[in-house]
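Please describe the protein shown here in a short report, moving from its overall dimensions to individual strands and residues.

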Amino acid sequence: MTAPARPLFTADDHRHMALALQLAQQGVRSTPPNPAVGCVVIATDGRVAGEGYHQRAGEPHAEVFALRAAGTAARGATAYVSLEPCAHFGRTPPCADALIEAGVGRVVAAMRDPNPRVNGGGLRKLAQAGVATASGLLEGPARAINRGYVSRMERGRPWVTLKLATSLDGRMALANGASQWISGEAARSDVQRLRARASAILTGSGTVAADDPSLTVRDPSIDLRGRRPLRVVLDSRLRTSARSKIVNGDAPTLVFTAACASTASADALRLTGVDLQVVPAAGSGLDLAAVLAKLAQAECNEVLVEAGPTLAGGFLAAGLVDEIVCYVAATVLGDAAQPMLRLPLLERMDERREFRWVDVRAVGGDLRLTLRPE
């Protein structure tokens with residue numbers, strides 16, 4: 001009778017990787033376009049010798065911080081990393097080289113890096129240097145932490161979160177367009193945290209004209225370490241005023257249009273510092289897939305859509321929404337009010353779009369519903 005196979009990962013492995021994931025989570029808001037990564041170095045005697053996480057693009061990676069803390073205790077140690085160590089020179093030297101030079105004996109990665117410049121290369125380099133390697137431990141949570149980075153590398157487009165604020169009867173604004181405020185103060189503060197995670201915050205020219213939003217992270221308690229999410233306006237006919245808040249202030253702005261980029265309106269926007277790009281038209285608006293492809297090229301990992309019912313419905317109808325975060329206020333606005341989504345007419349029930357519940361919780365006096373497409 002053969003003995004049962006020894007599990008690939010032990011309980012200690014799980015515990016140490018869970019700590020690496022917790023460290024990685026601390027960098028989610030400040031590392032884009034880089035992935036958020038955590039690293040834990042466990043010395044040969046079993047103690048935690050070093051911890052670190054990537055804090056900001058262009059600065060040292062998680063492995064470097066952890067190895068610095070570990071010092072000589074890194075020799076023969078096991079390093080737990082939430083993402084495969086890089087093996088190429090970017091703005092910083094390869095982390096695989098740093099681990100080899102420190103003399104670690106084993107490296108466990110939660111997942112391989114989907115970046116074509118890495119994608120197994122880091123683990124191969126370590127193995128060729130005689131370091132024991134393994135990957136796949138707590139890969140699901142690791143992918144969730146870097147969902148936008150993974151989406152950009154694997155699908156060529158950012159992860160898209162659609163934010164909605166509605167009444168109980170599914171209305172976004174009054175018939176005259178008034179919408180401030182449907183949700184309460186706690187919900188609006190919660191949206192600041194959604195914005196802080198995003199690489200870009202996207203809206204339409206109609207929302208800019210109606211509400212004149214700034215679309216910035218205004219909560220002083222949120223530290224982005226100098227990073228400012230890109231503000232994106234979809235404006236097929238280039239109607240955005242150069243006096244709008246969204247094209248002024250201290251955050252960068254990108255306007256997509258299908259109109260000629262050499263008009264007086266375009267010149268006025270450029271004078272404010274706006275980046276103006278032309279994409280193909282689609283129907284009465286813009287080609288949303290082309291917009292997302294352009295944002296991926298600009299290294300945007302996650303896009304938060306805060307838009308009116310037409311643009312919000314357009315993203316959903318095109319199958320480009322990865323997650324919906326909907327704040328539902330305990331109020332009704334009536335059937336004359338504007339719907340939260342404008343979608344093509346359905347004639348059969350099997351045409352309906354279905355979602356699964358991810359999270360439901362109270363935020364102040366409102367409910368926050370998080371859903372993802374089936």
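## Basis of the model

This is a predicted model, in which local features need pLDDT of at least 70 and side-chain atom pairs count only at pLDDT 80 or more, whereas totals for chains, interfaces and linings use all residues. Residues are numbered from 1 along each chain as its sequence is written, and side-chain values use heavy atoms, with hydrogens and water left out.

## Overall form

The protein has eleven helices and 18 strands; these are DSSP runs numbered from the N terminus, with helices being H or I of at least four residues and strands being E of at least two. Along the principal axes, the C-alpha atoms fill a box of roughly 70 × 50 × 40 Å.

Buried residues make up 50% of the 374 residues, where buried means under 20% relative accessible area, exposed over 50%, and partly exposed in between (1.4 Å probe, protein chains only). Of the contacts with a separation of 6 or more, 70% are between residues 24 or more positions apart, a contact being heavy atoms within 4.5 Å.

## Surface and charge

The protein exposes about 17,400 Å², of which carbon and sulfur atoms supply 51%; accessible areas come from the Shrake-Rupley method with a 1.4 Å probe, and for residues only the protein chains shown count as cover. There are 43 positive and 37 negative side chains, and the centres of the two sets lie 2 Å apart. Lys and Arg count as positive and Asp and Glu as negative, with His and the chain ends not counted, and each charge is placed at NZ of Lys, CZ of Arg, CG of Asp or CD of Glu.

Strand β1 (residues 38-42) is mostly covered, with five of its five residues buried. Gly38, Val40 and Ile42 lie on one side and Cys39 and Val41 on the other, and both faces are covered.

Two strands pair if DSSP finds at least two bridges between them. Strand β2 (residues 48-53) pairs with β1 in the antiparallel sense over five bridges, and Ile42 stands opposite Val48 in β2. These two strands form a hairpin with five residues between them, and Gly46 in the turn has a positive phi of about 90 degrees. Strand β3 (residues 78-81) also runs antiparallel to β1, joined by four bridges, with Cys39 opposite Val81 in β3.

## A buried glutamate

Glu63 belongs to helix α2 (residues 62-70) and is buried, with a relative accessible area of 2%. Leaving aside neighbours within four places in sequence, Glu63 is in contact with Cys39, Val81, Leu83, Pro85, Cys95 and Leu99. The C-alpha atoms of Glu63 and Tyr80, 17 residues apart along the chain, are separated by 9.0 Å.

## Backbone details in loops

A cis peptide bond, with omega of about 10 degrees, joins Pro32 and Pro33; Pro33 is in the loop between α1 (11-25) and β1.

Asn119, in the loop between β4 (106-109) and α4 (121-128), has a positive phi of about 35 degrees although it is not a glycine, and is partly exposed at 35% relative accessible area. Glu299, also not a glycine, has a positive phi of about 65 degrees; Glu299 is placed in the loop between α10 (288-297) and β14 (302-305) and counts as partly exposed at 43% relative accessibility.
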